[in-house]
Amino acid sequence: MPRRARRYFLLKSEPSVYSIDDLAREGTTMWEGVRNYQARNLMRDEMAVGDLALFYHSNADPPAVAGLARVIRGAYPDPEQFDRRSRYFDRGACQEEPRWLAVDVEFVERFGRLVSLSELRAEPSLADMLVLRRGMRLSVQPVDKAHFRAVLKLAGARTRVR
């Protein structure tokens, strides 16, 4: 069976909730709390171990790509949906047919500098990047390989994508 090609994503998090510095300190984390069906489906159907993700600080000043993460565990039921004390609790979710999923990611790289949303917008080669679309609020988004490479170049990243 041919090996699946690596895919690329963008994961949004508010730095006051969970930042690239938190991921760097912890090394790995469960990417939980995704409560949008389209984002959940991307995690379930598209993400796999080894895929890379741009770590994007949303609701920040400035909003920006801050680093990289790698998927180390594919989609599994988000345990927070069943925890009544969690802000991600979902009364309608059941153990037999979980509604929400999580993936595990590991720290890859903190960029030496943030690549701001305005800088992304100013780069012509990124014009079609999903995060730049008006009204695009998905916390998990696919990223075209060419866009991913362009962001790495803008960031002066050590990580390379062939």
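1. A salt bridge here is a side-chain nitrogen of Lys or Arg within 4 Å of a carboxyl oxygen of Asp or Glu. Arginine 25 and aspartate 22 meet this rule, with their closest N and O atoms 2.5 Å apart. The two residues are 3 apart in helix H1 (residues 20-26), so about one helical turn separates them. Arginine 25 is exposed, at 58% relative accessible area, whereas aspartate 22 is buried, at 16%. Please keep in mind that this is a predicted model.

2. The count of salt bridges comes to 11. One of them joins arginine 7 to glutamate 46, with 3.0 Å between the closest N and O atoms. This pair links distant parts of the chain, 39 residues apart: arginine 7 is in the segment before E1, and glutamate 46 is in the loop between helix H2 (37-45) and E3. Arginine 7 is partly exposed, with a relative accessible area of 32%, and glutamate 46 also counts as partly exposed, at 30%.

3. Arginine 158 and glutamate 109 form a salt bridge through their side chains, at 3.8 Å from N to O. Arginine 158 is in the segment after H4 and glutamate 109 is in strand E5, so this pair ties together parts 49 residues apart in sequence. Arginine 158 counts as exposed, at 62% relative accessibility, but glutamate 109 is buried, at 2%.

4. Positive charge also gathers in a surface patch made of Arg3, Arg6, Lys145 and Arg149. Arginine 3 belongs to the segment before strand E1 (8-13) and is exposed, with a relative accessible area of 82%.

5. The largest nonpolar core contains 24 residues, and Leu54, Val65, Leu120, Met129 and Phe148 have the most contacts inside it. Elements giving two or more residues to this core include strand E3 (52-57), strand E4 (64-77), strand E5 (101-116) and helix H4 (145-155). The most comes from H4, which gives 5 residues.

6. Asparagine 59 counts as exposed, at 65% relative accessibility.

7. Glutamate 97 is in the loop between E4 and E5 and counts as exposed, at 63% relative accessibility.

Notes:
Residues are numbered from 1 along each chain as its sequence is written. This is a predicted model: local features need pLDDT of at least 70, side-chain atom pairs count only at pLDDT 80 or more; totals for chains, interfaces and linings use all residues. Side-chain values use heavy atoms; hydrogens and water are left out. Patches are made of residues with over 30% relative accessible area and no salt bridge: like charges are joined within 9 Å, nonpolar side chains (Val, Leu, Ile, Met, Phe, Trp, Tyr) within 5 Å. Accessible areas come from the Shrake-Rupley method with a 1.4 Å probe; for residues, only the protein chains shown count as cover. Lys and Arg count as positive and Asp and Glu as negative; His and the chain ends are not counted. The place of a charge is taken as NZ of Lys, CZ of Arg, CG of Asp or CD of Glu. Helices (H or I, at least four residues) and strands (E, at least two) are DSSP runs, numbered from the N terminus. Buried means under 20% relative accessible area, exposed over 50%, partly exposed in between (1.4 Å probe, protein chains only). A nonpolar core is a set of buried Ala, Val, Leu, Ile, Met, Phe, Trp, Tyr and Cys residues joined through side-chain atoms within 4.5 Å.
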